[in-house]
Amino acid sequence: MKIFIDCDPGVDDSIAILFALFRKDVEIVGISTSVGNVSASKGAENAMRILKLAGYEGKIPVCAGAEKPLRGECEDFPTFIHGVNGTGNVELPATSQRPMDMDVSDFMYQKACDHAGELVLISLGRMTNLANTLARYPDYAGKIKRVVAMGGTVYASGNVSPVVEANIGGDPEAADIAMQADWDMTLVGLDVTTVTHLTRADVDKLLRCCNPAKKDAVSFISKALQHYMNGSRIQNYTMEYSPLHDPLAMVVAVDPSVVTTRKMVTRVECGGTYCRGKIVVDLREQPIKGRFVEHCLEVNSRKALNELFAAFQN
Ligand code: RIB
Ligand code: CA
């Protein structure tokens, strides 16, 4: 499966990227970043350091994208979860790889054209880059096979407001544009990511039984999760685990059987205070004007976690 990753690394983005790199059936053709957990430029630097950690230095092009949402400015970065540097305050070795010297929409479109009809777009951050690319290239959506995005919540509580998830809340206008585009989109939201628990015990076990060639990557994950899990404890009062956001989206992309889904007419609320960024689904016979988006509502968490860990053991 060929994938393109748009992300904001990010501790959980980094784990998702490592998982994809280590899956023999996945080929990453490009990575782009937007502001979110860190600035887009710092996220690109983090992505390139992750590539180096996994033995892919310079082998996958990385491009920095939007430094602000479509409307307004950025708030403070969530350093209590992702650290000041985005990788849980773990300093990864520097890389000689440089980000692509081109506009991110041109980069995303070029990759979509190179692999037209076969590229799965994985969105792990705000959808600003997606929206900008759709605006510049009206035929972009038609070149993408499907989109799997970590974002939103239908029934679970939000994580940046009572009803809003961070990736959607960070740029609601962009998310609504991306959801109304003419492509198949699956949203892996808090309904499934918050009930899939990454535990310290599981990570400790993985450290002991991982493939020796992947030990550096697993050691990084273990260290970065110390800060990330502490942030989760502050945010959610979870003691020994964190929710599995971006890595679960990546697992769903390679194995959709781990989730149960429902397609629903969907819009994103772009007004309000507490509801700005809320996913609105309409189940009525005569719904509002909106496209069908596939929402993950239930998950076989153990199976998903086993798939995640297997990539680091094989
Ligand atoms: O709400 C979780 C999402 O917000 C994840 O993608 C995480 O990396 C942050 O961007
Ligand atoms: Ca992310």
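Tutor: Happy to! In this predicted model, strand β5 (residues 144-150) runs parallel to β6, and 4 bridges join them. Strands here are DSSP runs (E, at least two residues), numbered from the N terminus, and two of them pair if DSSP finds at least two bridges between them. Within that pairing, Met 150 is the residue opposite Val 188 of β6.

β6 also pairs with strand β11 (residues 291-299), again in the parallel sense, over 2 bridges. There, His 295 of β11 stands opposite Leu 187.

Now for the side chains of β6 (residues 185-188) themselves: Met 185 and Leu 187 point one way, while Thr 186 and Val 188 point the other way. In a regular strand, side chains alternate between the two faces of the sheet. All four of these β6 residues, Met 185, Thr 186, Leu 187 and Val 188, are buried, a term for under 20% relative accessible area, with exposed being over 50% and partly exposed in between (1.4 Å probe, protein chains only).

A word on conventions: residues are numbered from 1 along each chain as its sequence is written, chains are lettered from A and ligands numbered from 1 in the order in which they are written, and side-chain values use heavy atoms, leaving out hydrogens and water. Because the model is predicted, local features need pLDDT of at least 70 and side-chain atom pairs count only at pLDDT 80 or more, whereas totals for chains, interfaces and linings use all residues.
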